[in-house]
Amino acid sequence: MDFKDYYKILGVEPTADDKAIKAAYRKLARKYHPDVSKEKDAESKFKDVSEAYEALKSADKRAEYDELRQYGQHGQPFQGPPGWEGRGGFGGGQDTGDFSDFFSSIFGNRGPGFGGGGQSRRSSGRRGQDVEMELPIFLEETLSNESKKISYQVPQYNAAGQHVSNTAKSLNVKIPAGVTDGERIRLKGQGAPGIGGGANGDLYLTIRFAPHPKFDVEGENLIITLPLAPWELALGCEVAVPTLTGKINLKVPAGSQNGQRMRAKGHGLLNKAGQRGYLFVQLKAVMPKQNDEAVQALWRELAQKAAFDPREQWSN
């Protein structure tokens, strides 16, 4: 009996949600339907697709399949984990239709359209405790494809369900694209071990953005304050502005105002669609510290020649 990777059959990731799984099934079912498909082995592929969807569309079935998936490779002989009863492990009695022996071995009498008549082989076990932790990350890490190593404590329980100790565990975690501050990520089966053959608990990571020395976060956008001399605002200038991945040259137009925002497309954070937001550059006038008589004379001359009242409208 060969193992079937139902996620691979449907062409989706193990993290895919119900909507993505359903969409993939519909697409492939139309492609391989024997009545219309001219694909080679269409009928066999159609059965595989239908079987995969049957296993993954139900939260209960999917959770039990996910437990076994770590012990098998697609197309390779499947033995199952230690203590697994194998074929018909959930009990027999109901026909599983045209589905494979592999499907029957997992779900037994809970084939297509099952009504809950069978009992899980692990119903007597107790699920392990979930573990929660905060994961601080730098803004630069949200753009990286590299994994981040984390370490955490996992509670251990005896057969009576009493907490006896904690053990250290390490994982390499890939930060999802478009992750947001405060977002909660679930890592299935990475929590405390189950009791009496029960499923492992899950690990929940709450993402926390570490404060950045230059950037503030506003959704998928970043904000940086650019200090400028008064004459740079008045005359215009070109300034090298830092981003998360390097520097860009920003042209500040003549006559720009203190507090004005300029934006650079594609230099913010990643969103769920894999696109980057804006970098907003906020202009800030900074007065020179030197204030000797010669400098003050120049400011007085400028004040006379400019004949400018900044509060002309404000006082009305």
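Reader: In this predicted model, in which helix is the place of D66?
Author: The model is a predicted one, and the question concerns the element that holds this residue. The place of D66 is in helix α4.

Reader: Which residues is D66 in contact with, leaving aside its neighbours within four places in sequence?
Author: One relation that spans the sequence involves G189, which is 123 residues apart from D66 along the chain, while the C-alpha atoms of D66 and G189 are separated by 9.1 Å. Once the neighbours within four places in sequence are set aside, the residues in contact with D66 are Y7 and K188.

Reader: Are helices α3 and α4 roughly parallel or roughly perpendicular to each other, and why?
Author: Helix α3 covers residues 42-56 and helix α4 covers residues 59-69, and their axes lie 6 Å apart at an angle of about 100 degrees. Angles of 65 to 115 degrees count as roughly perpendicular. Therefore α3 and α4 are, relative to each other, roughly perpendicular.

Reader: How many nonpolar, polar and charged residues are there in the contact of α3 with α4?
Author: On the side of α3 the contact is made by E54, A55 and L56, and on the side of α4 by K61, R62 and Y65. Divided by class, the residues of this contact are 3 nonpolar, no polar and 3 charged.

Reader: Where is D41 found, the residue with a positive phi although it is not a glycine?
Author: The phi of D41 is about 60 degrees, a positive value in a residue that is not a glycine. In general, most residues other than glycine have a negative phi. D41 is found in the loop between α2 (18-32) and α3.

Reader: Which elements give two or more residues to the lining of the second largest pocket?
Author: The second largest pocket has a volume of about 530 Å³, and of the 17 residues that line this pocket, those closest to its centre are P230, A234, W299, L302 and F308. The elements that each give two or more residues to the lining are α6 (230-235) and α7 (293-306).

Reader: How many nonpolar, polar and charged residues does the lining of the second largest pocket have?
Author: Here the residues of the lining are sorted by class. For the second largest pocket, the lining has no charged residues, 4 polar and 13 nonpolar.

How values were computed:
Residues numbered from 1 in each chain as written. Predicted model: local features only at pLDDT ≥ 70, side-chain atom pairs only at ≥ 80, totals over all residues. Heavy atoms only, no water. Axes fitted to C-alpha atoms, helices over the stretch in contact; angles between N-to-C directions. Helix = DSSP H or I, 4+ residues; strand = E, 2+ residues; numbered from the N terminus. Parallel < 35°, antiparallel > 145°, perpendicular 65-115°, else oblique. Contact = heavy atoms within 4.5 Å. Nonpolar A, V, L, I, M, F, W, Y, C, P; charged D, E, K, R; others polar. 1 Å grid on protein atoms, 1.4 Å probe; cavity = no way out; pocket = protein on both sides within 12 Å on 5 of 7 lines; lining within 4 Å. Points joined across faces, edges and corners; volume = space filled by probe spheres on them.
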